[in-house]
Amino acid sequence: VAVTMAIFVVLYAVVFSTSLYVQKTAEQQCYDTLRKSTENLGKEIKNNIYSNQEQLEIIADVIASRGNADSEQTKHILKSYMTRGQISHLEVLLPDNYADVSGILSYAEEVEKGEYVSPNSTVDISHGDKKVLKCAVPILKSGKTIGILYGIIEVDSLPTYYVAESYAENA
């Protein structure tokens with residue numbers, strides 16, 4: 001009886017330690033997959049933001065070549081912009097502090113920031129209180145900033161641009 005009991009205890013210890021090992025290994029594999037997916041998503045987002053900024057730079061150059069950031073031609077360019085990515089629409093901040101973007105912005109502060117992507121979402125009161133990210137690019141003419149061009153990205157639309165790659169695309 002004592003030998004049977006000893007075998008049972010040893011067998012139980014082996015099965016228990018093996019199950020813990022298998023559980024920890026599976027858990028670590030899940031964390032590794034999640035980490036890799038997060039890294040890939042981060043790279044994809046970074047590449048998309050870089051592409052958005054390049055688009056905005058080209059549009060800012062076109063606006064600057066027209067001379068006046070508040071002209072009818074500029075308004076036509078902004079209205080005719082067709083979404084080719086995450087940017088839902090374009091807006092311009094002008095030197096007289098007139099802002100179509102998220103309420104009131106300080107032109108001087110925005111010029112000082114230069115080209116940037118807002119680090120946090122803000123509420124866009126001009127479009128029904130939607131949360132947005134702003135990609136900003138100065139409109140330069142002869143080295144002088146004549147306006148700030150914004151590409152507005154609606155935060156709620158971002159999941160449609162990124163495919164879940166892990167866990168059979170069920171992540």
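Here is a short chat about the predicted model shown above.

Reader: Which pattern of helices and strands does the protein follow along the sequence?
Author: Start with the tally: the protein has three helices and five strands. Reading along the sequence puts those elements in order, and the pattern is α-α-β-α-β-β-β-β.

Reader: Which element gives the most residues to the largest nonpolar core?
Author: That core has 21 residues, with Leu 56, Ile 59, Ile 63, Leu 90, Ile 139 and Leu 149 making the most contacts inside it. Two or more residues come from each of α1 (2-66), α2 (72-80), β1 (87-93), β4 (130-141) and β5 (144-154). The top contributor, with five residues, is α1.

Reader: Is Glu 110, the salt-bridge partner of Lys 113, buried or exposed?
Author: The pair sits in helix α3, three residues apart, about one turn of the helix, and the closest N and O atoms are 3.1 Å apart. Lys 113 has a relative accessible area of 48%, so Lys 113 is partly exposed. Glu 110 comes in at 3%, and because buried means under 20%, Glu 110 counts as buried.

Reader: What about Glu 39, which residue does it form a salt bridge with?
Author: Look four residues away in helix α1, about one turn of the helix. The closest N and O atoms are 3.2 Å apart. Glu 39 is partly exposed at 42% relative accessibility, and the partner is Arg 35.

Reader: Where is Glu 115 of the negative surface patch found?
Author: Glu 115 forms that patch with Glu 54, Glu 57 and Asp 61. At 39% relative accessibility, Glu 115 counts as partly exposed. Its place is the loop between α3 (107-113) and β2 (116-117).

Definitions and conventions
Residues are numbered from 1 along each chain as its sequence is written. This is a predicted model: local features need pLDDT of at least 70, side-chain atom pairs count only at pLDDT 80 or more; totals for chains, interfaces and linings use all residues. Side-chain values use heavy atoms; hydrogens and water are left out. Patches are made of residues with over 30% relative accessible area and no salt bridge: like charges are joined within 9 Å, nonpolar side chains (Val, Leu, Ile, Met, Phe, Trp, Tyr) within 5 Å. Accessible areas come from the Shrake-Rupley method with a 1.4 Å probe; for residues, only the protein chains shown count as cover. A salt bridge is a side-chain nitrogen of Lys or Arg within 4 Å of a carboxyl oxygen of Asp or Glu. Lys and Arg count as positive and Asp and Glu as negative; His and the chain ends are not counted. The place of a charge is taken as NZ of Lys, CZ of Arg, CG of Asp or CD of Glu. Buried means under 20% relative accessible area, exposed over 50%, partly exposed in between (1.4 Å probe, protein chains only). A nonpolar core is a set of buried Ala, Val, Leu, Ile, Met, Phe, Trp, Tyr and Cys residues joined through side-chain atoms within 4.5 Å.
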